[in-house]
Every structure is written in C-alpha cells, then in structure tokens.
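Let's take a walk through this model, stopping at a few spots where the atoms have something to say. Keep the viewer open as you read.

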Amino acid sequence: MARFHNRPAFAVSRRALLGTAVSLPAAALAASAPAALLARAPFERVRPGMAGWPSRAQWDALGHAVGGRLISGAPPTLDPTQAPALLSNPFFLGDQPGLTQSSGWVDAWRSQPSVWAVRAESAADVAAAVRFAAAHRLRLVVKGGGHSYLGGSNAPDSLLVWTRGMDAIRLHDSFVPSGCDSAPVPAVSVGAGCLWLHVYQAVCVGAGRYVQGGGCTTVGVAGLVQGGGFGNFSKGFGLAAASLIEAEIVTADGQVRVVNARRDPDLFWALKGGGGGTFGIVTRLTLRTHDLPATIGGMHVAVQAKSDEAFRHLLASFLDFARASLVNPHWGEQVHATHDNRLIVDMVFQGLEPGAPRRIWQPFLDRIAARPDDWTIAEPFFALEAPGRHFWDADYLAAHLPPAISRDPRPGARPGDYWWSGDGEQAGAFWSAYTSVWLPASLLSEAGRDRLADAWFAASRHWQVTFHFNKGLAGATPEVLAASRDTAMNPEVLDAFALAIIAGDGPSAFAGLPGPDLTGARQAAERIRAADRALRAAAPGAGCYMSECDYFLADWQRASWGRHWPRLDRVKRRYDPDGLFFVRHGVGSEGWSADGFRRA
C-alpha cells in the first residue's frame, strides 16, 4: 500500500450556435410514475425496479433521439490473461464507458458501471440525455477522462453521459468570444472528450504554441478546467481555468448555452474552478494559447540524510534554496520527503537558457557536498533540456529519454499515445487516502521556514509527503495572478508556493479482480491522515485543492473555495434549482444523500 499516486511527469469548424436542442418525443418525456409519487417528499431519484424507472419503449425513444448511441454501461468481459495489462493501461480504461481511471477508495466508493450510457457526439445528444434524466428522475453522471479521485464520474443505477467521442480540436489564429468586443487572441477550441495529450500534440507539437493544461497525458480537458486545473508550468501560465475564454454547456433545463465574460458571466465564472459535473455538462471549451517556451526540460536529484536530525536540517536548507531559486515562473512539479530520510527532487522547467538548470542548482549541490557527515548524493543530478515543441512528441521522447514514457501497446492504438511512466501507477488504483493542503509563501520566510521544516519532517515520519511547486501561484507574474484571480478557485492558491499532497494506493480492485486488502488500506489511511495532521501544524486552517483532497473532508465548502462559496451557491441555485447535477462535495451536494439519490 505504499505506492504514491503521482511519480513525476519527467521520470470542427468554428462553432455554429445551437439555439435549441433536439427534442425527445413527448411520450418519452412523460414520467411513468403518478403525480402523487412525483410530489412526495423527500424527493428520491429512481433505480431499476422502482416505480418510475423508464420503460423499454422510453429507453428506445432516447436511443432514437441520440442517433442510436444509447449503449449498455457495463464494462467489457476480459480474458483473465489479458485483464492485468489492459486494466493498467489508462487509455484502455478511458475507452470503456463502464470503467474509471481509479477503481475506488477504501470505505468510500467502488467503481460501478451505469445502467445505460449515451455515447455523445454532439451537444444535441447531451441535451437529449439531460432532458430525459430530468423527466424520469434519474441519477445522471458525466464522464470524459474519468480521472476523478472522488468518484465523480461513477454511480451505479445511473444514466451516463459519456463525452469521450467529442474530441474535435480546432486552432484559431484570432478568436473573439461570441457577443464580445474584446481584441482577438490565439486560441484552441476542444471537445469535452479531449485528452490533454492530444491537445498538446495539436497545439504545441503541431502549431508551435502552448496551452495550459494537465500534467498527466490521459486527463480530460473539461474536468481539469472546471476543477481549476494545474499543469507542469502553472507558475508560468496560471491555472488552466484562467485561459478559458468561452464554453458551450448544456444546463439542467436542457438548453445549450454558449457562455463567456459577456454571456451568462456568472455561469462562465463558475465553470472556471467551481467543479465539473455541477453546473451542467460542458460540451466544448475555447482556451487562450500562449507563446511556446523555446526550451522545456526536467531534472532529478536525490539526497540521503544520515540521521533524523540531519534530515530535518536538509529540509530547512532545501526550503531556503527553494525560496531563492524555485518560486518563480520557470519551475514546477515535485519534491518528495520520504520516511527513510531521503529528499527526492523531480522538477520540470521552461524558458531557461541552455545550461541554466545546472547553474541554478549548483549552490544547493555545494551545500550537500560541504556536509559529507550529514548528507550524501544518493542519485546524481541530471537535467535534460529539449526544444519546447518536442516535450509532448512521443517519437522524440522515445529517442532521447525512453524510460520517461510508456506507449499504448494495443494493436491499432493511436501512434503518438503515451503516458508518463511515473503516472502508470495510478491506472486502476484503489486509494487508501488522498489529502492536500495549500502552503502559503509566508512559510518560506526566515521565521516560517523552520516551522515548515519541522512539520514536513514530522509528517514524513508517517508517510511520504510531496510538495507540488506547480500547484501554487506564488512567484507568478502579476498578469498570471490577475487572470487566475478571476476564477472560482480558492483564493489561497494565489499566495501558495506549493500544494502538499499525501496519498497512497494499492492494486486495482475492479469487479472480477482480487478484492483489495481493506485492512492494509485502512492502516495506510490512518498513517496518511496522521501525516496530514502533522503537516497542518505549520499551516492551520489552510484549504485544499478540490480535485485532489480527502473524500471524508468535513469543512469542504470553505476548504475548496474559501470566500467564493456563497457566489458559487447562488449560481448553482439559479441554473440547477432542482439539483439534477450531483458530484461528491460539489456545490449543492450538501442537500443530498452521499450517493446523490435522495434529497436530504
């Protein structure tokens, strides 16, 4: 159970606005249950076998309305000899409507398929599914990339809107949002089912531009942007949500809306970090693109301390170095403090001159060399610099750094598809626990540094603790901070130099595989939460990243959104007053049972 979730990344035509959606036949929209049942309190969504569950004729009508793309939500039946390889392949998992990228979380959720799924290819398909679910009181789920750690794209007895097929990508030299008079900007429009790898390959490798997105190649674009979204270089380019300039979304009333800073501005703002699957189903996003850095690369070094006291001093020394050299637009990714007194650095960089990474890190390496009785280099420093255009180029990576990537080995797989080797551990993971906390930049001051080093050391006695420098915007430029401030993300991100993540997982626990080690998972969860408590001694009351946080978090509204919560609540009540859209700890979920079936 000691695996850590995220080893480093380095180791259509211009839209025609849809005024109305395709309508279902009136008979299909008529609820089957009598009026007295519909009016009963409290409100309860229907499950198979209950009064009100749609008849076969009504399901057939939905299938007709979506062009025959109503399919069974069940996962495929796998040959036992092939199952282990396929269920550890994130592309295979994403290609199945009945599977999710995580297989569950101990005492929280297990991956279970929906009864039916609409394999959506257009906003009209999505609108038909939304209206059907509303009319029949169905639990509705939406899945694109399927990377929700909290199980947001998973619910048994539900209707799934599966957007994976909506994968069109279109580049714009000069884009102006509908109804706006702003200056045109370079941009890219992507369908809700796009994966970040494919967007990077179109924008960066193909067009020589940069788009701010996720670090993991198989993460879905729509979910990441709606969660706020971090990539490798967030300090340089801001939140992914900050680059959103327009979105197409189907709201609970079945309308297809194009929203931006001028049209439905409150809804548009909520989509920039207010949470996916909460305010509607996004079907297309348009994101600003940026100049591509000339050079992108990564580096690695590991330092072993020879005693506990030496390790605590090593952490303090590293924090001092980080304050001076790493909290700026050039650096991102991860630094790990382990239980066995090792500091492992796996970071990426952009926009540096050739040879600069080594020069920047030399003072820290000199500190290590000056204290051989306390510290030693366990894994030597190395850095790889590459043209920015090649950072997501599978052939280039295979030629120059083959251990860094794993290519999709399935016959007929897209030739350029790969995942970062370190991320492969996440495919199908069964989570013991997953916690996060924003670390304010004040902890890097002389007074705060020792307090943070003590807490980091104390936490590492329980579990590995990783600081993600790209998941905090302290050190970003004023322009990046201003754009990210105009999102629904917890404002704490603006002053955080990093997000600390403490997490653990075990082997896949999909149906048909050996069951998870629940005793071991629970023991790991206790250690992870003990580490989280120890670290929070340095940052009491700090919030967390809503997409990477504890499933059992109590004060989740404040922790996830801070002062933005009341405004998000108002947007939810306006656009989804009946709570059609439900996700765990999403805006409005406090009014429902934990499974989203019964209004509290």
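Which residues does Ser158 touch, not counting residues up to four places away in sequence? They are Ser114, Val115, Trp116, Arg139 and Val141, where contact means heavy atoms within 4.5 Å. Before going on, some ground rules: this is a predicted model, so local features need pLDDT of at least 70 and side-chain atom pairs count only at pLDDT 80 or more, while totals for chains, interfaces and linings use all residues. Residues are numbered from 1 along each chain as its sequence is written, and side-chain values use heavy atoms, with hydrogens and water left out.

Back to Ser158, which sits in strand 6, residues 158-162. Helices here are DSSP runs of H or I with at least four residues, strands are runs of E with at least two, and both are numbered from the N terminus. Ser158 has a relative accessibility of 2%, so it counts as buried; the cut-offs are under 20% relative accessible area for buried, over 50% for exposed, and partly exposed in between, using a 1.4 Å probe and protein chains only. Its side chain also has a partner: a polar contact of 2.7 Å links Ser158 to the side chain of Ser114. A polar contact is a pair of N or O atoms within 3.5 Å; within protein, one must be able to donate a hydrogen and the other to accept it, and residues adjacent in sequence count only if both atoms are side-chain atoms.

Now look at Asp157, in the loop between strand 5 (139-143) and strand 6. Its phi is near 60°, a positive value in a residue other than glycine. Asp157 counts as partly exposed because its relative accessibility is 23%. Asn341 also has a positive phi without being glycine, near 65°. You'll find Asn341 in the loop between strand 15 (331-337) and strand 16 (342-350). Is Asn341 buried or exposed? With a relative accessible area of 8%, Asn341 is buried.

On to strand 8 and the loop that leads there. Pro184 lies in the loop between strand 7 (169-175) and strand 8 (185-191), and at 48% relative accessibility it counts as partly exposed. Leaving out residues up to four places away in sequence, Pro184 touches Ser174, Phe175 and Val176. Pro184 and Pro48 are 136 residues apart in sequence, and their C-alpha atoms are 50 Å apart in space. The side chain of Ser189 makes a polar contact of 2.7 Å with that of His172, and another of 2.7 Å with that of Thr286.

Arg209, in strand 9 (residues 209-210), is worth a stop too. Setting aside neighbours within four places in sequence, Arg209 is in contact with Pro186, Val203, Cys204, Thr289, His290, Asp291 and Leu292. Arg389 is 180 residues from Arg209 along the chain, yet their C-alpha atoms are separated by 8.1 Å.

Finally, some helix packing. Helix 3 (residues 56-65) and helix 6 (residues 123-136) pack at about 160° with their axes 9 Å apart. Axes are lines fitted to C-alpha atoms, for helices over the stretch in contact, and angles run from 0 to 180 degrees between N-to-C directions. The two helices are therefore roughly antiparallel, a label for angles over 145 degrees; under 35 is roughly parallel, 65 to 115 roughly perpendicular, and the rest oblique. On the helix 3 side, Gln58, Trp59, Leu62 and Ala65 meet Asp125, Ala128, Ala129, Phe132 and His136 of helix 6. These contact residues divide into six nonpolar, two polar and one charged.

Helix 11 (residues 308-325) and helix 12 (residues 356-369) have axes that come within 10 Å and cross at roughly 160°. That makes helix 11 roughly antiparallel to helix 12. Helix 11 contributes Leu314, Ser317, Phe318, Asp320, Phe321 and Ser325, and helix 12 contributes Ile360, Trp361, Phe364, Arg367 and Ile368. This contact divides into seven nonpolar, two polar and two charged residues, with Ala, Val, Leu, Ile, Met, Phe, Trp, Tyr, Cys and Pro counted as nonpolar, Asp, Glu, Lys and Arg as charged, and the others, Gly among them, as polar.
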